[in-house]
Amino acid sequence: MPQKSAYRGRLAPSPTGLLHLGHAHTFLVAAQRAQQNDGTLILRNEDLDPQRSKAEFASAMLEDLQWLGIRWSEGPDRGGHFAPYSQSERREHYLNAWRKLRDQGAIYPCTCSRKDLAQSASAPNDSDDEPIYPGRCRSRTDAASFDEPAGVNWRFRVPHNEPIRFTDLHLGPQSFVAGRDFGDFIIWRRDDVPAYQLAVVVDDNAMQITEVVRGADLLKSTARQLLLYRALGDSPPDFYHCDLVLDNSGVRLAKRHDSLSLRHLRETGCSPAEVLHRATLS
Ligand SMILES: [Zn+2]
């Protein structure tokens, strides 16, 4: 067999529901890019949220992706050099990163209640769901007194007014301003769950991912994550953000799970080829 290139891409579904047509588009692009680059595609099960992740959705997502004809060579079902591939089994990696950030003062404990935040936070200026944190706990200096992250929210201290620029491989040059486009974001939740931003950076780095393919709704998260890469002393991968799939009335397909779930399409007689066609057209 010819040697694989150094390209490493990933599929990173969350088992919090059934995969649908909007997801299929992103996964298809990820699979195509890995193939075009003669690279390795891995599957990571992003099951960190114990409330929302369900084992039946985890098995359904593997099955649905396989049904679509997407193949990966490392994953929870296949093992691999960077196992485990389920985030719920990777806590030690996230804890190491938390300690590193704590020790350098890059994060601080935040005890603001939801009510505090609702009263003072400025509303997000676009569809990004995280309001800009007003900074009430930002001056706290007691991070070092915590041996464990549990019990408070941990926020990353973003460098206010610093422009964060990167060139997306699909969407071109991007620019965000820290503190204005996004505020001090949570990297570890008070219920002791590592936040998406931290887990993804730690895993993409540990799994030696060279290119991240995901939806354009995560562009701003990429700016946040670039700050985490820098704080952790790691080099970021390349980013390729896919266009979001909209229906005829301009609503994101991701918001309409049921009728367009791959499971439903399959059960109503849609073939993988038809689904791929629809996912590619959209
Ligand atoms: Zn606070």
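**Zinc site and salt bridges in a predicted model**

Guide: Cysteine 110 and tyrosine 133 are both buried. This is a predicted model, in which local features need pLDDT of at least 70 and side-chain atom pairs count only at pLDDT 80 or more, while totals for chains, interfaces and linings use all residues. Residues are numbered from 1 along each chain as its sequence is written, and side-chain values use heavy atoms, with hydrogens and water left out.

Visitor: What makes Cys110, Cys112, Tyr133 and Cys137 donors of the zinc ion?

Guide: Donors are N, O and S atoms within 2.8 Å of the metal (3.2 Å for Na, K and Ca), and a site may look incomplete because water is not among the atoms. The SG atoms of Cys110, Cys112 and Cys137 and the OH of Tyr133 coordinate the zinc ion at 2.1 to 2.3 Å, so they meet that limit.

Visitor: Why is the site of the zinc ion called tetrahedral?

Guide: Four donors count as tetrahedral if all angles lie between 85 and 135 degrees. The angles among the four donor atoms here are 88 to 125°, so the label applies. Along the chain, the donors follow the spacing C-x1-C-x20-Y-x3-C. Cysteine 110 in strand 3 (residues 107-110) and tyrosine 133 in the loop between helix 4 (114-120) and strand 4 (153-156) are 23 residues apart, a pair that links distant parts of the chain. Helices (H or I, at least four residues) and strands (E, at least two) are DSSP runs, numbered from the N terminus.

Visitor: How do you know whether arginine 102 and aspartate 103 are buried or exposed?

Guide: Buried means under 20% relative accessible area, exposed over 50%, and partly exposed in between (1.4 Å probe, protein chains only). Arginine 102 has 13% relative accessibility, so it counts as buried; aspartate 103 has 59%, so it counts as exposed.

Visitor: Why is the pair of aspartate 103 and arginine 102 called a salt bridge?

Guide: The term requires a side-chain nitrogen of Lys or Arg within 4 Å of a carboxyl oxygen of Asp or Glu. The closest N and O atoms of this pair are 3.0 Å apart, so the pair qualifies. By this rule the count comes to 20 salt bridges.

Visitor: What makes the salt bridge of arginine 8 and glutamate 74 a tie between separate parts?

Guide: Their side chains meet at 2.8 Å, N to O. Arginine 8 lies in strand 1 (residues 8-11) and glutamate 74 in the loop between helix 2 (55-68) and helix 3 (91-103), so the pair ties together parts that are 66 residues apart in sequence. Both arginine 8 and glutamate 74 are buried. Aspartate 64 and arginine 263 also form a salt bridge, with the closest N and O atoms 2.8 Å apart. That pair links helix 2 with helix 7 (residues 262-267), 199 residues apart.

How values were computed: Tetrahedral: all angles 85-135°; square planar, octahedral: opposite > 155°, others 65-115°.
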